[in-house]
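Student: I would like to look closely at one single part of a structure, and I would be glad of a careful explanation that also shows how that part sits in the whole.

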Amino acid sequence: MTAPTDPTRLTAPTAPTARTRRTGAITRRRARTAAWSLLALALLVLLTGVALGTGQVSISAWDALRALFGQGEPGNVLVVQQFRAPRVVSALIAGAGLAMAGSMLQRLFRNPLAAPDTIGITGGASFGAVLMLATGASQQLIPLAAVGGGLLAAMLLGGFAWRSKMAVTRLVLVGLAVQQGLAAAVNLMIVRFPAELASSAMQWTTGSLYGRNWTEVWIGGTAIALTAAALLLCQRRVAVLDLGDDSAGGLGLNPARDRLWLLLLTITLASLAAALTGPVAFVALAVPHLVRLLAGPPTLGTLGLTALTGAVLLLSADLLVLHVIPVHGLPVGAVTATLGAPWLLVLMIRQGRLPQRSS
Amino acid sequence: MGALVLCAALSLALGSRSVPLATVVDALTGAAHGGDADVVTGLRVPRTLIGLAVGAALGVAGAVAQGVTRNPLASPITLGINAGASLAVVAAIYTLDLSRPAEYVWFAFAGAAVAAVAAYAMSRRGGDLDPVRLALGGTVLTVVLTSWTSALMLASHRTLDEARFWLAGSIAGRHLDTLTPVLPFLVLGLVAAFAISPALNALALGDETAQSLGVPVARIRVVGGLAVVLLAGSAVAVSGPVAFIGLAAPHLVRPLLGNDHRWLLPGCLITGPLLLLAADVLGRLVVRPSEIEVGIVTAFLGAPLLAVLARKVAK
């Protein structure tokens, strides 16, 4: 970050120097974003290799990579392709999707605490999925129901907050209410279910990666990629909205309408990610803060970095669950919550010392 | 007050087996015997008394929490009290094979106290509590504790089966021996809350103003926090986590009695049980002859209330 109190800039604001300084600052920030992105990418590849190679049967990273493409021993190919790869890939895309959705929500709501967990989206996804479990439908339909639940939550949110022209404080509070109400519905079903159904509902609502298959990964992955691409295309619009509603209106946008569309896209992204892994806590909330700390205010580049960081975070949390913590059947959501919370708290306290952003 | 009496009467009379009010009165005075009277004295009287105590504790705890943090959305839940109690109870069921709500009481109380102390510790700054940090810290703490609770419940089927009913929050099937151990704490909490109610008025003007009026701000915060822990801890120990009563009661009382805490607290003392009993009766009537746990009913009713509050706060 450049020091805004630079004396030369204050005393002699001649146009060319100021301009070069600004572009210099932007270039430096871009370089930093690129460097962190490369590091995250390297970590991602490394962790993927580790995740594919370790387990009941140890396979060297190179063999695992070859097995992924159908080369090498048939046994290895089976283990890697059928069991490990779907899990790893779902961790990666869900982590990326959740992190991107969190980052977008924090910008649209202008609130550092906005996330799919806090505004009811993952609550809606849980509700849809648990309802589907209750009706006894096939496992294939559960992700679909989760997306439907997420959109239902979004509709409730929009319905309550629409009249206030999507004012930010109102949206956040209404989101909290939606989350609580849907959580109550899920709770009711868990209490009424027979024990084994209650267990799988509980598993789902905590967020876990057990038993993913390729069909789910392909469908979820394609949908997430499409939504994420649409969001990336809208970045210019988001940047204008960042200036505040009045300025955005002056620049020819319709803030209420645009925010609604962007929210809809973001919510779809979050529900799709939640449909794949369940509502894994704190990824969506914590990753955008981490990225802001590393690479500065959000731009197109940092959004990519956010996605990468989310993927790395969720995959490493899953590796912890599988290989480090000796508890059988631990949901990955418990680990992300435990790791994410203290750290988020430190960030919040630091942010609390800075002057508040206008909302 | 009249509404509360009515609600208590309904709570005694209605249920999967409805009893006429005349029989209820007879049963209470000892004039009637037989099935209906046994239902009233044996099951519904303890249930209603527990409902009154829990509701009063939650209502006053909510008012004090909102006063101390100067945050209209604060409630015992924001301090992580419910989550702490839940984790402690689930852990106790997991390790010690408990199966009766009366045995959970001390664990719930201890869990609530530890969670609240942790939330306070996170929000201390220069010997004083920072309300914003308290709210944030409590929320984060709640998420973490909840995730641990689910992890524990997933680790053992038996725990899940035992705990999920307690976790929903209910005053059904409790005997008075569930209430008696926490009663001293509850009373102590009420006394503390009422003792600081004039000071809470000064606190509402802002820390500096309160200080210059001669109110020891930091000490009032600590006492208020203690009162919230005692009250909400006792409530959760008896009934399991019941949401929204603490949040809703002060907001319902304020339009009627104003912002003066000396009136607000007694108002909450009446409104809290009123809400709890009304929700409990409703839960018994919706799916007769079965019933819905009171905690779930309050959560359902509380969500729209929060949405309405959002309109007020956002203005």
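In which helix of chain A does A:G220 lie?

Tutor: Before we start, note that residues are numbered from 1 along each chain as its sequence is written, while chains are lettered from A and ligands numbered from 1 in the order in which they are written. What you see is a predicted model, in which local features need pLDDT of at least 70 and side-chain atom pairs count only at pLDDT 80 or more, whereas totals for chains, interfaces and linings use all residues.

A:G220 lies in helix α9 of chain A, which covers residues 214-233; helices here are DSSP runs of H or I with at least four residues, strands are runs of E with at least two, and both are numbered from the N terminus. The helix α9(A) has 20 residues and reaches 28 Å from its first C-alpha to its last, which is close to the 28 Å expected at 1.5 Å a residue, where the expected span is 1.5 Å times one less than the number of residues.

A:G220 counts as buried because 24 other C-beta atoms lie within 10 Å, and the cut-offs are 20 or more such atoms within 10 Å for buried, 12 or fewer for exposed, and anything in between for partly exposed, with the C-beta atoms placed from the backbone. The buried residues of α9(A) are A:E216, A:V217, A:G220, A:G221, A:A223, A:I224, A:T227, A:A228 and A:L231. When you look at the spacing in such a list, remember that an α-helix has 3.6 residues a turn, so residues three or four places apart point the same way.

Leaving aside residues up to four places away in sequence, A:G220 touches A:I93, A:P143, A:L272, A:A275 and A:L276, where a contact means that two C-beta atoms, placed from the backbone, lie within 7 Å. A:L293, by contrast, is 73 residues from A:G220 in sequence and 30 Å from it in space, C-alpha to C-alpha.

The UniProt record, in an unreviewed entry, places the feature "transmembrane region" at several stretches of chain A, among them residues 88-106, 141-162 and 260-287; its positions are given in the numbering used here, feature names are shortened, and annotations may be inferred rather than shown by experiment. Over residues 260-287, chain A is 82% helix and 0% strand, with end C-alpha atoms 23 Å apart. Residues 118-135 of chain A, another stretch in that record, are 83% helix and 0% strand, and their end C-alpha atoms lie 27 Å apart.

Helix α8(A), residues 195-206, has 12 residues and reaches 17 Å, close to the 16 Å expected, and its buried residues include A:W204 and A:T205. Just after α8(A), A:G207 takes a positive phi of about 90°. Helix α5(A), residues 121-135, has 15 residues and reaches 21 Å, close to the 21 Å expected, and it is mostly covered, with 12 of its 15 residues buried. Just after α5(A), A:G136 takes a positive phi of about 75°.

Now step back to the whole chain. Chain A has 15 helices and 0 strands, and buried residues make up 48% of its 359 residues. Of the contacts in chain A with a separation of 6 or more, 74% are between residues 24 or more positions apart. Chain B has 15 helices and 2 strands, and 58% of its 315 residues count as buried.

Finally, consider confidence: pLDDT is the predictor's confidence in each residue, from 0 to 100. The mean pLDDT of chain A is 77, and 86% of its residues reach 70 or more, but pLDDT stays under 50 over residues 1-13 and over residues 354-359. Where pLDDT is low, the predicted coordinates should not be read in detail. The model as a whole scores ipTM 0.73 and pTM 0.75.
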